[in-house]
Amino acid sequence: GLNGCIIMKKLIMAMVLFFLLIIVGIVSLINQVWNQNDVLFAEAERIVRAEMPDASVLEQGVYNGKQQWIWLCIMENDNVKQVLVPLEKQEEQPDFVIRDALEGITMQEAEEMVKQQVESIRQIFHTVLGVEDERIVWEVTYQDQSGKLGYYYIDFESGEFVKSFLL
């Protein structure tokens, strides 16, 4: 009767509250990750500006390979440069690695190569510059037609295929 209805309403309210808390938790977690990246980008920019005070950042990203790198594409005195800052500097490692953008292929060229080489590509998620086995590489992350996540690596300087894999 009436008691059953009241218990049911309370149960529904408790479930709604529970799901709202889960949603708030997920949103909070996403926000924390976003803010963490902002902190990483700011620190990488500070390191680079110490040597290049006139640099302005055009693009940026986080490379998660064997070692994490912060990638900054910067403009300094009308020259575009690719800068990689190691997240946790290893012994004997410089504060950052810098290459003139003209020394290698562009992000767009890397993405075009992946579109030509991978037949089943649905969409490219993001492209970031990083360091893998002491080579500067473009990492192109994409989704194939079956929904699998793919990673395709291209040597920055030569434009050669390095490796690829699907998850």
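# Chat about strands, rings and a helix

Me: Which residue in strand 2 stands opposite Y63?

Reply: That's W69. Strands here are DSSP runs of E with at least two residues, helices are runs of H or I with at least four residues, and both are numbered from the N terminus.

Me: What kind of model is this, and how are residues numbered?

Reply: The model is predicted, so local features need pLDDT of at least 70 and side-chain atom pairs count only at pLDDT 80 or more, while totals for chains, interfaces and linings use all residues. Residues are numbered from 1 along each chain as its sequence is written, and side-chain values use heavy atoms, with hydrogens and water left out.

Me: OK. In which sense do strand 1 and strand 2 pair, and over how many bridges?

Reply: Antiparallel, over 8 bridges. Two strands count as paired if DSSP finds at least two bridges between them. Strand 1 and strand 2 make a hairpin, with 3 residues between them.

Me: And how many bridges join strand 2 to strand 3?

Reply: 8 bridges, and those two strands run antiparallel. One example is C73, whose bridge partner in strand 3 is Q82. Strand 2 and strand 3 also form a hairpin, with 2 residues between them.

Me: What's the phi of N77 in that turn?

Reply: About 50 degrees, a positive value, although N77 is not a glycine. D78 lies in the loop between strand 2 and strand 3, and its phi is also positive, near 65 degrees.

Me: Is N77 buried or exposed?

Reply: Exposed, with a relative accessible area of 55%. D78 counts as exposed too, at 73% relative accessibility. The cut-offs are under 20% relative accessible area for buried, over 50% for exposed and partly exposed in between, using a 1.4 Å probe and protein chains only.

Me: How many residues of strand 2 are buried?

Reply: 7 of its 9, so the strand is mostly covered.

Me: Switching to rings: how many aromatic pairs are there?

Reply: The structure has 6 of them. Rings of Phe, Tyr and Trp (its six-membered ring) pair if their centres lie within 6.5 Å; planes under 30 degrees apart are stacked, over 60 edge-to-face and the rest tilted. For W71 and W138, the ring centres are 5.5 Å apart and the planes at 80 degrees, so that pair is edge-to-face.

Me: Where do W71 and W138 lie?

Reply: W71 is in strand 2 (residues 68-76) and W138 in strand 6 (residues 135-144), so the pair ties together parts that are 67 residues apart in sequence. Both are buried, and together with F156 they form one aromatic cluster.

Me: What about M52, which loop is it in?

Reply: The one between helix 1 (2-51) and strand 1 (56-64). M52 is buried, at a relative accessible area of 7%.

Me: What does M52 touch?

Reply: Leaving aside residues up to four places away in sequence, its contacts (heavy atoms within 4.5 Å) are I74, E76, K81, V83, F96 and I98.

Me: Last one: which residues of helix 2 are buried?

Reply: M107, A110, E111 and V114, in a helix that spans residues 107-117. Seen down the helix axis they fall within an arc of 95 degrees, so they line one face of helix 2. That arc is taken from the directions from the helix axis to the C-beta atoms. What covers these buried residues includes strand 1, strand 2, strand 5 (121-132), strand 6 and strand 7 (149-155).
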